[in-house]
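Subject: Structure handover

Hello,

Here is the structure we talked about. Please open it alongside this message.

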Amino acid sequence: MDKTEIKEELYQQLKKLDEKYDAMGQDLSSYLDGLLYSDYLTYWDYIHLDTLLSLQNPRTSFPDEKIFIAYHQITELFFKLILMEIEQIPGEEGNTEKFIMRIDRINRYFQQLVNSFEIMIDGMEKEQFLKFRMSLLPSSGFQSVQYRMIEICSTDLRNLMNVSYREKIDPDGSEDVLYDYLYWKSGATELATGKKTLTLNQFDEKYSEQLKNLAKKYRETNIWQVYQKYHSSNDLTDQAIKSMRELDSVANLFWPLAHFKSAVRYLHRDPNVISATGGTNWQKFLPPKFQKVIFFPDIWTEEERNDWGKGWVMKEILNEK
Ligand code: HEM
């Protein structure tokens with residue numbers, strides 16, 4: 001092909017590329033050489049399939065343990081997608097349509113997790129589960145840092161506090177103080193001894209500083225704050241509230257209840273309770289009606305807040321088993 005045969009479109013593309021590389025003091029010609037020698041991209045390299053499929057490493061030879069590992073990993077990937085949406089919200093403060101779009105994306109991810117939780121509830125043999133879980137002590141999904149990050153980026157720390165401290169501790173206090181009163185900190189107490197669980201101590205050692213810093217960063221820019229400052233007074237408010245009510249329900253009622261259902265299925269043996277891997281009094285810790293975590297309290301009526309999580313547990317879970 002001689003010079004005169006280069007199509008106009010290609011010429012324009014080369015010109016733009018030349019300008020792009022020139023701006024960075026780079027030589028386009030060397031990069032074009034590189035392109036000449038580089039391999040075509042494959043699906044398996046792009047997705048890192050071999051790495052992905054090498055990450056399910058059970059501690060026992062019970063086949064169902066792989067289901068348990070893979071489903072936790074799937075959940076963490078959805079948590080990652082949820083956090084990606086949350087991180088973009090503070091940069092789009094004036095745009096209510098985008099705000100609603102992001103909340104709806106988050107809702108869709110949570111909905112997938114709620115709908116697929118049956119994989120945990122019905123998808124493993126109880127006998128296998130009760131054995132392989134013993135080799136996982138003292139680790140627990142309780143130690144999912146992304147779950148805590150979603151909570152912290154969604155609302156003020158005051159709404160994540162243990163109910164019994166909400167009146168006693170100044171909810172406007174510093175993150176360093178409030179952190180110790182979060183619902184899951186006081187929930188992680190060993191049934192037998194009343195001491196903080198090893199599961200919690202391990203987690204705090206690794207993540208407490210990171211989470212306190214995250215809370216400081218999101219003090220003014222968590223979803224609830226952004227809504228109140230920028231989106232609570234325009235034409236799309238009703239729609240925004242609808243999406244936020246859905247988020248509160250799916251994150252603080254439906255996911256926790258689906259999750260609780262799996263604990264009931266594997267750890268509840270009338271009249272005895274099998275202890276959890278993380279050592280909590282899970283029957284008092286997991287149901288939303290006890291923790292009353294509500295990300296956006298003011299969009300609910302007092303009655304709705306008081307009845308948070310009631311009814312469903314009795315009807316769907318305990319009567320069923
Ligand atoms: C058979 C399946 C499951 C059972 C029986 C189960 C059981 C439990 C129990 C008993 C707790 C209380 C803490 C403890 O003492 O360990 C807990 C907490 C937790 N688990 Fe699971 N779990 C299951 C699956 C999952 C999955 C798939 C995830 C996804 C990441 C997960 C994430 C969590 C989280 C985030 C907490 C803390 C909840 C909170 O603080 O409100 N769990 N789980």
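This is a predicted model: local features need pLDDT of at least 70, side-chain atom pairs count only at pLDDT 80 or more; totals for chains, interfaces and linings use all residues.

Iron site. The iron atom of the ligand has His259 as its only protein donor. His259 sits in helix α14, which covers residues 237-267.

Salt bridges. The count is 12.

Glu175 and Arg219 pair through their side chains, at 2.6 Å from N to O. Glu175 belongs to helix α10 (residues 175-178), while Arg219 is in the loop between α12 (198-217) and α13 (223-231), so this bridge ties together parts 44 residues apart in sequence. Glu175 is buried, at 9% relative accessible area, because the cut-off for buried is under 20%. Arg219 is partly exposed, at 37%.

Glu209 and Lys212 form another bridge, with an N to O distance of 3.7 Å. Both residues lie in helix α12. They are three residues apart, about one turn of the helix. Lys212 is buried, with a relative accessible area of 14%.

Lys229 bridges to Glu220, and their closest N and O atoms are 3.1 Å apart. Both partners are partly exposed: Lys229 has a relative accessible area of 40%, and Glu220 has 45%.

Best wishes

How values were computed: Residues are numbered from 1 along each chain as its sequence is written. Side-chain values use heavy atoms; hydrogens and water are left out. Donors are N, O and S atoms within 2.8 Å of the metal (3.2 Å for Na, K and Ca); water is not among the atoms, so sites may look incomplete. Helices (H or I, at least four residues) and strands (E, at least two) are DSSP runs, numbered from the N terminus. A salt bridge is a side-chain nitrogen of Lys or Arg within 4 Å of a carboxyl oxygen of Asp or Glu. Buried means under 20% relative accessible area, exposed over 50%, partly exposed in between (1.4 Å probe, protein chains only).
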